[in-house]
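Let's take a walk through this model together. Keep the picture open while you read, and find each part as it comes up.

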Amino acid sequence: MFRNILMQTSKSFPKAFQQQLQIINVFTEGRIDIAKARDLSKTLLKSDSMNLHLWNAYATAERLNGNIKEAKKVYNTALAMSAKLPTEVKEHVVILSRAYAQMELDSEGEDARNGALNILASLTEGNFTPH
């Protein structure tokens with residue numbers, strides 16, 4: 001019921017607030033049913049592919065459900081397109097990169113540390129290379 005209310009009422013709010021509700025909805029779905037969260041994320045991203053907060057919510061939902069490989073795919077996809085984003089959206093790349101690097105650091109091992117360094121180094125270069 002909460003899901004339906006959230007989706008139906010969100011269209012009556014300003015765009016910025018709608019985007020926040022979408023992120024909350026992805027997180028909520030992710031805790032209930034990751035398959036539905038995945039479908040919802042993909043649907044929302046089709047109409048708002050430059051919303052890096054939404055990409056982050058999607059990747060975080062995957063990570064919280066133990067789907068680290070899926071989360072990496074989501075982060076890699078979002079960051080790979082970051083060089084082509086408008087300037088006003090690029091400032092959010094830092095948030096996405098930090099979340100991805102933290103996920104890598106939470107994984108143990110040399111590869112994880114190298115992955116985190118690669119992600120953070122790409123911030124200074126302005127060109128992300130997936131690993």
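When we say that residues meet or are in contact, we mean heavy atoms within 4.5 Å. Helices here are DSSP runs of H or I with at least four residues, numbered from the N terminus. One thing to keep in mind is that this is a predicted model, where local features need pLDDT of at least 70, side-chain atom pairs count only at pLDDT 80 or more, and totals for chains, interfaces and linings use all residues. Residues are numbered from 1 along each chain as its sequence is written, and side-chain values use heavy atoms, with hydrogens and water left out.

Let's start with helix packing. Two packed helices are described by the angle between their axes and the distance between the axes. The axes are lines fitted to C-alpha atoms, for helices over the stretch in contact, and the angles run from 0 to 180 degrees between N-to-C directions.

Find helix H4 (residues 52-64) and helix H7 (residues 93-106): their axes come within 9 Å and cross at roughly 15°. H4 and H7 are therefore roughly parallel to each other (angles under 35 degrees count as roughly parallel, over 145 as roughly antiparallel). On the H4 side, Leu52, His53, Trp55, Asn56 and Arg63 meet Val93, Ile95, Leu96, Ala99 and Met103 of H7. Sorted by class, this contact of H4 with H7 has seven nonpolar residues, two polar and one charged. For these classes, Ala, Val, Leu, Ile, Met, Phe, Trp, Tyr, Cys and Pro count as nonpolar, Asp, Glu, Lys and Arg as charged, and the others, Gly among them, as polar.

H4 has another partner, helix H5 (residues 68-80), and the axes of H4 and H5 come within 7 Å and cross at roughly 165°. That makes H4 roughly antiparallel to H5. Among the residues making this contact are Trp55, Tyr58 and Ala59 of H4, and Ala71, Val74 and Tyr75 of H5. The contact of H4 with H5 divides into nine nonpolar, three polar and three charged residues.

Now look for helix H2 (15-32). H2 and helix H3 (residues 34-47) pack at an angle of about 155°, with their axes 6 Å apart. H2 and H3 are therefore roughly antiparallel to each other. The contact residues include Val26 and Ile32 of H2, and Leu40 and Leu44 of H3. By class, six are nonpolar, four polar and two charged.

What about empty space? Rolling a probe the size of a water molecule over the atoms shows where empty space is left. On a 1 Å grid over the protein atoms alone, a pocket is an open set of points where a 1.4 Å probe fits, with protein on both sides within 12 Å along at least five of seven lines, and lining residues have an atom within 4 Å of a point. The largest pocket holds about 210 Å³, a volume being the space filled by probe spheres set on the points, with grid points joined across faces, edges and corners. Its lining includes Gln19, Ile23, Asp48, Leu52 and His92. H2 gives the most to this lining, with four residues. By class, the lining of the largest pocket has five nonpolar, six polar and one charged residues.

Finally, find methionine 81, in the loop between H5 and helix H6 (87-90). Leaving aside neighbours within four places in sequence, methionine 81 is in contact with Ser49, Met50, Leu52 and Trp55.

Notes
Helix = DSSP H or I, 4+ residues; strand = E, 2+ residues; numbered from the N terminus. Parallel < 35°, antiparallel > 145°, perpendicular 65-115°, else oblique.
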